[in-house]
Amino acid sequence: MQARTRTMAFKAVLLAAAAIAGAELLAQGDITITPIAQPVTDVGIGLALPTASAVNVPSAPDAWGGPRSGGEATLSDRVVDYRIEATLDPIAHTVDGKQTLTWRNRSKETVRSVYVHLYMNAFQSRGSTYFTEQREAGNNATIAPGQWGSIALRSVTQGGARVDWSFVHPDNGPAADQTVVRFDLPAPVAPGASTSFDISFLTKLPRVVCSTGYFGSFHLVGQWFPKIGVLELPGERGAIRTRWNAHEYHHDSEFYADFGRFDVKLSAPKGYTVGATGELQGAPVERGGMLTHHYVQGDVHDFAWTADKRTAPPLRATWSAPGSPLVQLAVLFPPDRAASAAPALKAAGDALSYFSKTLGPYPYKTLTIVIPPLNADDAGAMEYPTFVTTTGYNKVVPHTAAAFDLDFVTIHEVGHGYFYGILASNEFEEPLLDEGLNEFWNYRMLRDTGQQSYLGSPLLKALGFAPGFNGFDVERHEAPRVEPADAIGQNAHMRLQGIGPVYVRSSTMLRDLEASIGKETTERAFKEYYRRWKFRHPSIADLRDTLAEVSGQRVAVNAVFAQQVYATAPIDDRVSRLSSEEEVQDKPGAARAWRTSVTVRRRGAPVAQTLLVRFADGSSETAVWDDQERWRTFSWVKPARAVSAELDPQRLHYLDTSKLDDSRTLEPSGRAARRWAGDLAAFFNILFSLIATV
């Protein structure tokens, strides 16, 4: 995930009547792009709604061409082909590009217009959707004069004929936003046919912001080329008719694109180290003081790269696992962050091993990890196919916050290679499928490998203070603490509390589901989800149905999704009363007995609860509370007085608003406070800023 401050989501959009004001805002950027405005009488196929979010209807069995068996000629059903030649000017911080984009019409309809993303225009002016939403969220940060970014279309042709184009606003964003453009085609594309566009463009990189841009000689080039939207067919991700899916670049969302092949030639000055998505094709070719690096990668949906003349010699290794090819690993890093290179390499290899074992094989032959230099940290913590950026430190001491941060961010971004990369979910509309699933699988990995969240500094560690916490305990505090304003399944850009709850509530919900249906069952279900939906853009409904089918617990799975994914149901059960009184005996000499009563109350959604009551003689009683009632009283008559009553002794429900009211004792006891001491991690959770920054 991009390193952003995420608090409140999109509340309102500027009206079309603000076009004049929008134009004034646009002028505050460095480049003004004027579209070729032509009247269009037939724009053809419609667009996905701005409000589109969690899909409730499973995709058709043959969606996206059906499951990939492995016997096909390519890993994915390739829809696009990008051939790009790009030249970096490291002084002007521009990329001069020529691109041939070939696109196949998968639908049964003639296509007369296509939609293309110009993501870099999010950083063109204060009037973009991105910066408008950022201000709505209370963040007034902006880009300094002379450091804005943009992408200008110099020419667009189809078969030699000029393509007319105009900026559009699929999400009703501000008039000044220029992140989506519609090409109106001189030659319509028949069903099943392909067409090619020759595009000349100039990308101006911003000072590093939102995981792209430059600082000094360092350049991270992401979302830098014209990228076509996704044409979804009936039966795919809830679509009932053919539609284009092409959202504006929002402050709290990311990307979604078709699979295809990238053949990219990157020219940078000699002396610059270049890294990119895919496999390098032979040695770079020198000409006129420039080196041209040729990269090719199939079965991916994006392409990013980096160039820097200060990069140290890369740290390289290989990785392999059953079912995966031999993978060439490379860490690119500046000399002042050399201490981070080896830990990042190890974390990446460990993550590949875990995800390959628990989800499915990693299918590519390369993985490049980039550590940004000092003052370019906003370029860190981002994922692209076979290419990720992480964080970096000049000193890495084991069992400290910095060491854990480096490990976790690297694991997180490699994990995105599965959920964002191979499964290729729609991050605009269903961020649960990427950020949520990835966060859960990250903490699952840490749990399974015995790693903890370390929160101390090197100084505290030297003094013998290195507190460590279970990752899910850290998440547990944050997830239920604030009443959620939006369901987990809500889209990324229309969230009152920002994107953060998607991370923590999704992770905690899935942790609770795993505790309910079993660890082995959960892993088996996710392996099937990966096998069935890799390279196919699944929906939330597809995830739900796979989990339900494989686990054999459809009622339980559907209930969790209904309560937490499609709704905002809090969980708040508690022990409200415990009494244990000696019974009055009618007969002299009768054995003493105590009547114990426990009242439990429910102030949220019903979940199956277990009540454990312990007695002074060492015995215990267990009761199950799994009905819809708001309260229940359980009673026992036993020859011993009760000591304590506890709900959820197996710790199944981390989404419960407070675990401190889950138990009561007849005598004062600090056991509950000690047992749930992980709640202290709330303070550290804020300081640590893992949530909503990776």
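Tutor: Two strands pair if DSSP finds at least two bridges between them. Keep that cut-off in mind for this predicted model.

Student: What makes β16 and β18 a pair?

Tutor: Strand β16 covers residues 279–280, and two bridges join it to β18. The cut-off is at least two bridges, so β16 and β18 pair. They run antiparallel. In one of the bridges, L280 has Y295 in β18 as its partner.

Student: How do you know that β14 pairs with β18?

Tutor: Count the bridges again. Strand β14, residues 260–269, has 10 bridges to β18. At least two are needed, so this is a pair. Its sense is antiparallel. F262, for example, stands opposite Q297 in β18.

Student: How much of β18 is buried?

Tutor: Strand β18 spans residues 290–300, and eight of its 11 residues are buried. It is mostly covered.

Student: Why is S113 called buried?

Tutor: Its relative accessible area is 2%. Buried means under 20%, so S113 qualifies. S113 sits in strand β3, residues 111–117.

Student: What makes the link between S113 and D184 a polar contact?

Tutor: The two side chains come to 2.8 Å.

Student: How do you know that the length of helix α9 agrees with its residue count?

Tutor: Helix α9 has 15 residues, 519–533. The expected span is 1.5 Å times one less than that count, which gives 21 Å. The end C-alpha atoms are 21 Å apart, so the two values agree.

Student: What covers the buried residues of α9?

Tutor: The cover includes α3, α4, α5, α8 and α10. Among the buried residues are F526, Y530 and W533. Just after the helix, F535 takes a positive phi of about 65 degrees.

Student: Where is the pLDDT below 50?

Tutor: The chain averages 89, and 87% of residues score at least 70. Over residues 2–42, though, pLDDT is below 50. That stretch still has 112 contacts in the model beyond near neighbours in sequence. Residues 680–694 also stay under 50. Where pLDDT is low, the predicted coordinates should not be read in detail.

Methods
Residues numbered from 1 in each chain as written. Predicted model: local features only at pLDDT ≥ 70, side-chain atom pairs only at ≥ 80, totals over all residues. Heavy atoms only, no water. pLDDT = per-residue confidence, 0-100. Contact = heavy atoms within 4.5 Å. Buried < 20%, exposed > 50% of the residue type's maximum accessible area, 1.4 Å probe, protein only. Helix = DSSP H or I, 4+ residues; strand = E, 2+ residues; numbered from the N terminus. Polar contact = N/O pair within 3.5 Å; in protein donor to acceptor, adjacent residues only side chain to side chain.
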